[in-house]
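Q: I have just opened this structure and would like to learn how to read its features. Could we go through them together, one at a time?

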Amino acid sequence: PDGILAFTPFNTLLNKPSTQLTFDAMPFLIKETQTTSQLSCKEYLKPTLHLQSDATVLGVFPVFEKSSLELEHSKEEAKAISATFNTDLLMSDHASIDNAFTKASQHSILHFSTHASGGTFVQPASIAFIDRPLYLNELYSKKLHPDLVVLSACETGIGRIATGEGPLSLARGFQYAGAKSVLFSLWKVNDQSTAGLMSRYYTFLKETTSRSGSLQASQLDYLQDENIPNLKKSPYYWGAFVYYGPTDIPEEKNHILWWWILGIFGVLLSILLIRKYGKS
C-alpha cells in the first residue's frame, strides 16, 4: 500500500452493503479472505521462509505498575504467550532497552507489549521501555533478524509519510532493522481487547506456524466469541492490527496419514490372529 492506503485496515472493510446492527453478522472482508501486505514486489517474490515449529519468543512487558501508565491486562498477555511458546519474559523493571536488544538475537519472535506513539511532525515515533522511550531513528542503527516482530501497542504503524518509504513508523523501523515480518497497529488500541487478541494469535500460531493466517484466525475468533458483547465487537477493538511479511500457508495436521498407519496395523494384526487361531 502507498500513501494513506498504508493506514487502511483492509480486514475491516465491508465487501457488500449491509443493514446489520450486530458486528459479527456484518460482511467484513476478513470473513472471505486473508489479507497481507509487503513493502515491495521484490520482497513479495522472495521464497517464503516459514516460521520454525521450535520458535522461541522474547516478550518485553514493562507493565508500568502503580503508575498512570499501568497496562493492567499486559500480564495476562504475557501469561498466555508463555503458555504456548518457549518464552523469555522481561517483565516490569527488567524490560529495559539494553536487556531487550541484548537478548533479541537469541529468539525468532520479538513481542513488545507496551505504550507507543506515532509521533508528530516534530517528534519521531517512539515505543516505551521501563527506563525510557526508544525513538524511531534509534531503530535504524539496530541489526535484528527475527522471523516475526509483534508490536502490541498503540499506533505502531503510524508515522509521517515519506515518498518512496511509506509511513515513518515503528513498524518501518523494525523492518529496516531486519525483521522478516511485522504485526502492528494502526490506531490507539484497547488494552483488554488487545490482550485477548494476542492470546488467540499465539494459540493459532503454535497450531499452524502461519504468521499471516493466525492474524485472520484470531480476529475471526474474537469477532465470533459469544462471551464478548456486541459493542466490543466493533472493528475498533479487533481491526487495528495488520501484518506485513510473507504469506504463510497454515500447516494442517495430517490425520489421514495416521489413519492409514492404524489401518495397516489392523490388517497385519488380523492376519496374525487368523494364522494362529484360525478363521473362527
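A: Gladly! Let us begin with a term we will need: a salt bridge is a side-chain nitrogen of Lys or Arg within 4 Å of a carboxyl oxygen of Asp or Glu. Keep in mind as we go that this is a predicted model.

Q: Which residue meets Asp88 in a salt bridge?
A: Lys103 does: the two side chains meet with 3.3 Å from N to O. Lys103 belongs to helix 3 and Asp88 to strand 2 (residues 86-91), and the pair links distant parts of the chain, 15 residues apart. Lys103 is partly exposed, with a relative accessible area of 28%.

Q: How many salt bridges does a search of the whole structure find?
A: There are 11 salt bridges. One of them joins the side chains of Lys75 and Glu65, at 2.4 Å from N to O. Lys75 sits in helix 2 (residues 74-84) and Glu65 in the loop between strand 1 and helix 2, so this pair ties together parts that are 10 residues apart in sequence. As for the surface, Lys75 counts as partly exposed at 41% relative accessibility, and Glu65 is partly exposed too, at 38%.

Q: Which residue forms a salt bridge with Arg132?
A: The partner is Glu138, with 2.8 Å from N to O. Arg132 is partly exposed, with a relative accessible area of 37%, and Glu138 counts as partly exposed at 22%. Salt bridges can also share partners: Arg200, Asp221 and Asp225 are joined into one network in that way.

Q: What numbers of positive and negative side chains does the chain have?
A: The chain has 24 positive and 26 negative side chains. The centres of the two sets lie 7 Å apart.

Q: Let us step back to the whole chain. How many helices and strands does it have?
A: You can count nine helices and 11 strands. The C-alpha atoms fill a box of roughly 90 × 50 × 45 Å, taken along the principal axes. Of the 280 residues in the chain, 46% are buried. The chain exposes about 15,400 Å², and 58% of that area is supplied by carbon and sulfur atoms.

Q: How should I read contacts along the chain?
A: Look at how far apart the partners are in sequence. Among contacts in the chain with a separation of 6 or more, 74% are between residues 24 or more positions apart.

Q: Now the inside. What tends to happen to nonpolar side chains in soluble globular proteins?
A: They tend to be buried together. Here, the largest nonpolar core has 34 residues, and those with the most contacts inside it are Phe101, Phe112, Phe129, Leu151 and Phe174. Several elements give two or more residues to this core, including strand 1 (56-61), helix 3 (97-103), strand 3 (109-113), strand 7 (148-152) and helix 5 (170-177). The largest share, four residues, comes from helix 5. There is also a second, separate core of 33 residues, which includes Ala55, Phe61, Cys154 and Tyr243.

Q: Which residues does Phe129 touch, not counting those up to four places away in sequence?
A: Phe129 touches Val60, Pro62, Phe64, Ala95, Ser96, Ile97, Ala100, Phe101, Phe112 and Leu134.

Q: Is helix 5 largely enclosed or open, and why?
A: Seven of its eight residues are buried, so helix 5 is largely enclosed by the rest of the structure. The buried residues are Leu170, Ala171, Arg172, Gly173, Phe174, Gln175 and Ala177.

Q: Which residues other than glycine have a positive phi, and where are they?
A: Phe64 is one of them, with a phi of about 60°. You will find Phe64 in the loop between strand 1 and helix 2, and at 9% relative accessibility it counts as buried. Glu155 is another example, with phi near 55°. Glu155 is placed in the loop between strand 7 and strand 8 (161-162).

How values were computed
Residues are numbered from 1 along each chain as its sequence is written. This is a predicted model: local features need pLDDT of at least 70, side-chain atom pairs count only at pLDDT 80 or more; totals for chains, interfaces and linings use all residues. Side-chain values use heavy atoms; hydrogens and water are left out. A nonpolar core is a set of buried Ala, Val, Leu, Ile, Met, Phe, Trp, Tyr and Cys residues joined through side-chain atoms within 4.5 Å. Buried means under 20% relative accessible area, exposed over 50%, partly exposed in between (1.4 Å probe, protein chains only). Contact means heavy atoms within 4.5 Å. Accessible areas come from the Shrake-Rupley method with a 1.4 Å probe; for residues, only the protein chains shown count as cover. Lys and Arg count as positive and Asp and Glu as negative; His and the chain ends are not counted. The place of a charge is taken as NZ of Lys, CZ of Arg, CG of Asp or CD of Glu.
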